[in-house]
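Welcome! Take a moment with the picture before reading on.

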Amino acid sequence: MDIRDIEYFMALAKQGSFTRTAAGFYITQSALSQKISALESELGVKLFARTGRGVKLTQAGEVLYDHALGIMRGWENMRQAMAHFRSDTLQNISVGLFSQAAYTEFPAMITDFISLNPGCCVNISMTSEGNLLEGVRSGRFNFALLRCNRALLPAGINSQALFAENVCILFHWEDKLAAKENITLEDIVDYRLICEKEEFDNSYGSLKNNFRDAGLTLHAPYAYTDQASMLPMLISGPGCYTFTTTESARRIPERFPDLCARPLYPPVTVTANLLYSADCPEAADHPFFKHIRRLCRSRTKQPDQN
């Protein structure tokens with residue numbers, strides 16, 4: 001049992017639903033079920049009983065919940081106490097990046113921060129949206145840079161909007177769409193969409209609403225990949241496409257000359273955000289936070305939301 005197991009247990013006790021609890025942690029329902037089953041096996045008791053509408057605590061579960069409240073209070077007190085002993089001379093921070101960040105200006109921003117702060121060691125990880133959110137919640141990442149809708153962020157994560165970008169369509173130069181200045185949803189409705197499923201379901205979820213509002217459905221088959229940074233390599237000929245944003249649309253063709261990008265019309269925007277744990281509000285005063293925010297403010301006018 002670790003502190004994360006206790007968080008899963010307490011959240012499920014409050015929600016009474018595996019589906020809602022798993023969604024709040026950005027994990028699958030089966031993964032949550034396995035963790036709860038493992039906890040019950042370790043303790044040798046049943047913690048939840050199934051009802052017609054979900055689950056509820058057993059008598060043993062209620063006893064564990066009372067003890068878990070004290071554990072979580074103690075955990076938070078310990079974290080706050082240890083914060084006073086953090087070294088100011090050499091700081092180690094961990095930064096998570098969304099998968100397509102390799103084609104954005106964020107790597108250069110981080111490199112600039114490192115050059116200006118030689119006493120700070122920055123550990124960088126590039127991963128999927130779900131892993132970024134879970135990493136911020138658990139404290140594995142001090143900060144994460146992610147394109148997302150802030151209104152859909154789970155509880156326990158604070159965010160700072162950095163800048164908004166329009167969505168573009170990336171496809172092969174030999175495609176007939178290359179002759180168009182703007183791409184509409186009707187143009188791509190029968191095309192093969194290549195994307196990272198998690199990123200499309202979350203960050204670009206508004207695009208599905210746009211298709212729906214236009215009376216269209218994504219009929220074409222999807223092709224999923226675990227690394228969105230690989231998406232440009234998978235567009236090897238006409239008839240398929242992926243979503244990207246304005247900055248990435250400028251940079252990706254520089255590395256892949258066979259590809260081109262066109263803006264989506266009517267415009268759809270996504271926002272780049274700097275995320276940090278709500279348990280660490282002092283992160284907003286960290287030099288890294290201030291550095292990224294300053295550079296992004298000089299890049300473009302900061303958006304208010306989403």
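Predicted model: local features only at pLDDT ≥ 70, side-chain atom pairs only at ≥ 80, totals over all residues.

Helices (H or I, at least four residues) and strands (E, at least two) are DSSP runs, numbered from the N terminus.

**The whole protein**

The protein holds 12 helices and 11 strands. Of its 306 residues, 47% are buried. Among contacts with a separation of 6 or more, 77% are between residues 24 or more positions apart.

In soluble globular proteins, nonpolar side chains tend to be buried together. Here the largest nonpolar core has 34 residues, and Phe106, Leu145, Leu162, Leu274, Leu275, Phe288 and Ile292 are those with the most contacts inside it. The elements giving two or more residues to this core include β3 (91–98), β4 (120–127), β6 (157–172) and β11 (269–277). Helix α12 gives the largest share, five residues. There is also a second, separate core of 22 residues, with Leu177, Val189, Cys195 and Phe243 among them.

Which residues of α5 are buried? They are Phe106, Met109, Ile110 and Phe113. These residues lie on the same side of α5 because they cover an arc of only 95° around the axis. An α-helix has 3.6 residues a turn, so residues three or four places apart point the same way. On the other side of α5 are Ala108, Thr111 and Ser115, which are exposed. The buried residues of α5 pack against β3, β4, β5, β6, β11 and α12.

**Back to Leu295**

Leaving out residues up to four places away in sequence, Leu295 touches Met109 and Asp112. Leu295 and Leu162 are 133 residues apart in sequence, yet 9.2 Å apart in space, C-alpha to C-alpha.

**A spot on the surface**

Met1, Leu43 and Val45 make a nonpolar surface patch of about 230 Å². Val45 sits in the loop between α3 (29–43) and β1 (48–50).

| Residue | Relative accessibility | Class |
|---|---|---|
| Leu295 | 18% | buried |
| Val45 | 35% | partly exposed |

Why do the classes have these names? Buried means under 20% relative accessible area, and exposed means over 50%, with partly exposed in between. At 18%, Leu295 therefore counts as buried, while Val45, at 35%, counts as partly exposed.

Methods
Residues numbered from 1 in each chain as written. Heavy atoms only, no water. Patch = residues over 30% accessible without salt bridge, like charges linked within 9 Å, V, L, I, M, F, W, Y side chains within 5 Å. Areas by Shrake-Rupley, 256 points an atom, 1.4 Å probe, with all protein chains shown as cover. Salt bridge = Lys/Arg side-chain N within 4 Å of Asp/Glu carboxyl O. Buried < 20%, exposed > 50% of the residue type's maximum accessible area, 1.4 Å probe, protein only. Contact = heavy atoms within 4.5 Å. Core = buried A, V, L, I, M, F, W, Y, C linked by side-chain atoms within 4.5 Å. Arc of directions from axis to C-beta.
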